[in-house]
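I opened my notebook today to look at how one protein model is put together. Here is what I looked up, entry by entry.

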Amino acid sequence: MRVTVLLPGVLRPAAGEAARLDLDLPGGATLGAALDVLAADHPALDRRLRTEQGTLRRYVNFYVNGEECRRLGGPDTPLTDGAEIQVIPSVAGG
């Protein structure tokens, strides 16, 4: 199955300036499996998305087909063919 990962400008340098990454995954894959594929191709991006223990970084939000993944199962969120994963880092400041 194929899924698409959409990256904001702040994360694009870690992914070769790509705004969109299409991933081929086995059927029944999860968000965590998609992130594993990203890590293999873009290790610098993985360090921005997950901790050293492999958990999702607290201040990075992942949306699968428009729904926040922490409500769906975090890294165990199931993906379907054609799924769209949006990565949105939190912005803070004052």
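Entry 1: I began with strand β5 (residues 84–89), whose covered face holds Ile85, Val87 and Pro89, while Glu84, Gln86 and Ile88 make up the uncovered face. My note on names: helices (H or I, at least four residues) and strands (E, at least two) are DSSP runs, numbered from the N terminus.

**Entry 2: where the model comes from.** This is a predicted model, in which local features need pLDDT of at least 70 and side-chain atom pairs count only at pLDDT 80 or more, whereas totals for chains, interfaces and linings use all residues. Residues are numbered from 1 along each chain as its sequence is written, and side-chain values use heavy atoms, with hydrogens and water left out.

**Entry 3: neighbours of β5.** Next I looked up pairing, which requires that DSSP finds at least two bridges between two strands. Strand β1 (residues 2–6) runs parallel to β5, joined by 3 bridges, and there Leu6 stands opposite Gln86. Strand β3 (residues 60–64) pairs with β5 in the antiparallel sense over 5 bridges. I found Val64 opposite Ile85, and Ile88 is the bridge partner of Asn61.

**Entry 4: the whole sheet.** I then wrote down the order of the 5 strands, β2-β1-β5-β3-β4, in an open sheet with mixed pairing. Its edge strands, β2 (20–24) and β4 (67–68), each pair on one side only. Helix α1 (residues 31–41) lies across β1, β2, β3 and β5, at about 110° to β2 (axes are lines fitted to C-alpha atoms, for helices over the stretch in contact, and angles run from 0 to 180 degrees between N-to-C directions).

**Entry 5: the core.** Which residues have the most contacts inside the largest nonpolar core? They are Leu45, Leu49, Phe62, Ile85 and Val87, in a core of 26 residues. The largest share, 4 residues, comes from α1. Such a core is a set of buried Ala, Val, Leu, Ile, Met, Phe, Trp, Tyr and Cys residues joined through side-chain atoms within 4.5 Å. Val87 touches several residues (contact means heavy atoms within 4.5 Å), among them Val5, Leu49 and Phe62.

Entry 6: Is Thr77 buried or exposed? Thr77 is buried, with a relative accessible area of 2%; buried means under 20%, exposed over 50% and partly exposed in between, with a 1.4 Å probe and protein chains only. I located Thr77 in the loop between β4 and β5, touching residues including Ala29, Val64 and Leu72.

Notes: Lists of a residue's contacts leave out its neighbours within four places in sequence.
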